[in-house]
Amino acid sequence: MSTTGHVPRHAAPGQPGQPQQPSDTQVLPVVDDTTTLPPVSPATDAPPPVTEEPAFRPGHVGRAVRAAIWLVLAWAVLAMPTNLLSPFEIGVADIDIASRAVIFAIGGLSLHVLLGYCGQISLGHQAFVGIGAFTSAYLVTDLGLSFWVAIGVASLLGAVQAVLLGMVSLRVTGLYFALVTLAYGAFAESTLFGITPLTGGEGGKPAPRPVGFESAEHYYYLCLGFLVLVLWLDWRLTRSKAGRAMAALRENPRVASAYGIDVRAFTLVAFAVSGVFAGIAGALTAHHDEIIVKSSFDFRLALTFVLMTVVGGLRNRVGVVIGSAFFAILEEGAFVALVEGAIGGLGFTPTFFDSALGLPAEFVGLVVGPLLLLLTLTLYPGGIGQQIAPVRQWLTGGRFDRHAGQVREVEVTDVRA
């Protein structure tokens with residue numbers, strides 16, 4: 001057999017038949033089938049394997065404590081207004097204050113849709129609530145319609161007026177839109193609320209409570225049921241395509257439009273939802289007071305809505321509910337009465353706020369509110385929602401982390417003004 005052209009496998013460099021290697025190139029050893037290679041050790045700089053931390057599970061004592069706290073909270077919301085197993089004597093006036101707190105929570109969630117989800121500040125939100133209130137009272141008192149029909153029409157009318165105002169927001173934003181809403185609120189106070197057949201003039205418009213809910217306790221549960229409905233709708237909204245689109249609009253409308261989001265349509269959806277919630281709050285307010293006057297829906301109410309929404313915490317519905325309830329208690333003077341009672345027990349003058357501030361109790365919220373707003377912007381940008389985040393996480397079965405829900409600063413995109 002001829003061996004012409006055959007290159008020996010073990011021929012040394014430089015021998016005939018072996019290709020010459022450059023002098024500056026390292027020659028790799030040739031490995032045949034009989035060569036045994038040493039085991040390859042793992043690289044010393046390879047990252048260690050990732051091990052997932054086991055999920056935290058509270059112990060039996062922790063679960064028992066959490067369950068006890070949940071029972072106390074449920075009792076405070078559901079049973080205490082009816083004096084069921086209550087060590088306190090809850091009167092009719094106190095139950096009406098609790099109903100007012102629930103109604104304020106619905107109004108706060110209404111403004112939160114615009115301010116927290118879309119970054120649009122509204123200084124005329126009292127007009128949405130007021131028109132809903134007078135519409136429901138007119139339908140029930142003058143036309144003899146059912147409360148359920150009236151509250152449906154009030155919410156629909158609230159959506160219509162909010163959409164009309166939202167069309168303006170498509171042209172102007174930020175501070176200019178806030179001025180437009182301020183002008184709309186002043187227009188409603190001086191013009192719409194002055195229609196005597198609708199508002200009843202200076203004497204006000206009667207608004208009887210629905211059948212079966214005439215008592216303070218039953219009406220409180222009616223308002224609580226509507227609050228649960230609004231919370232569920234708000235929760236569903238944030239987890240839908242519309243909610244994600246509104247979050248994108250809050251960050252940057254131009255970028256959202258570049259990704260195919262219909263800025264006009266989803267902005268109007270946000271205004272419509274806000275108007276529906278405001279109409280419900282207005283109708284419940286009318287039948288809560290039973291006689292409503294136009295002076296109840298002035299700029300002070302709009303400012304209170306803005307304060308309780310921001311202090312409660314933007315994009316935190318639990319914080320908004322708590323903040324709204326707190327401002328309702330301030331509005332009714334119950335918080336001032338409680339503080340004055342404690343001051344009187346210490347030997348001071350019970351009328352401390354009247355003598356020191358020169359204001360009636362219902363105006364104390366306009367003094368305390370801005371102070372809480374400054375503290376929110378400087379110390380707790382996430383509002384009440386940020387402060388209760390560690391407790392909320394612990395109550396839902398997680399670890400107690402005092403840094404949970406921490407917000408370092410207020411984002412510019414929260415309010416485009």
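**Figure 1. Arginine 209 and its salt bridge with aspartate 96.** In this predicted model, arginine 209 has a relative accessible area of 12% and is therefore buried, the limit for that class being under 20%. Its side chain meets that of aspartate 96 in a salt bridge, with an N to O distance of 3.6 Å. The two residues are 113 residues apart and link distant parts of the chain: aspartate 96 belongs to helix H2 (residues 92–118), whereas arginine 209 is found in the loop between strand E1 (205–206) and helix H7 (216–238). Aspartate 96 is partly exposed, at a relative accessible area of 21%.

**Figure 2. The salt bridge between arginine 100 and aspartate 289**. The N to O distance in this pair is 2.6 Å. Because arginine 100 lies in helix H2 and aspartate 289 in helix H10 (residues 263–289), the contact ties together parts that are 189 residues apart in sequence. Arginine 100 is buried, with a relative accessible area of 12%, while aspartate 289 is partly exposed, with 26%.

**Figure 3. The salt bridge between arginine 317 and aspartate 234**. The closest N and O atoms of this pair are 2.7 Å apart. Arginine 317 lies in helix H12 (residues 317–332) and aspartate 234 in helix H7, so parts that are 83 residues apart in sequence are tied together. Both residues, arginine 317 and aspartate 234, are buried. In the whole structure, a search finds four salt bridges.

**Figure 4. A nonpolar surface patch**. Val61, Val65, Ile69, Trp70 and Leu73 make up this patch of about 440 Å². Leucine 73 is part of helix H1 (residues 60–79). With a relative accessibility of 40%, leucine 73 counts as partly exposed.

Terms used:
Residues are numbered from 1 along each chain as its sequence is written. This is a predicted model: local features need pLDDT of at least 70, side-chain atom pairs count only at pLDDT 80 or more; totals for chains, interfaces and linings use all residues. Side-chain values use heavy atoms; hydrogens and water are left out. Patches are made of residues with over 30% relative accessible area and no salt bridge: like charges are joined within 9 Å, nonpolar side chains (Val, Leu, Ile, Met, Phe, Trp, Tyr) within 5 Å. Accessible areas come from the Shrake-Rupley method with a 1.4 Å probe; for residues, only the protein chains shown count as cover. Helices (H or I, at least four residues) and strands (E, at least two) are DSSP runs, numbered from the N terminus. Buried means under 20% relative accessible area, exposed over 50%, partly exposed in between (1.4 Å probe, protein chains only).
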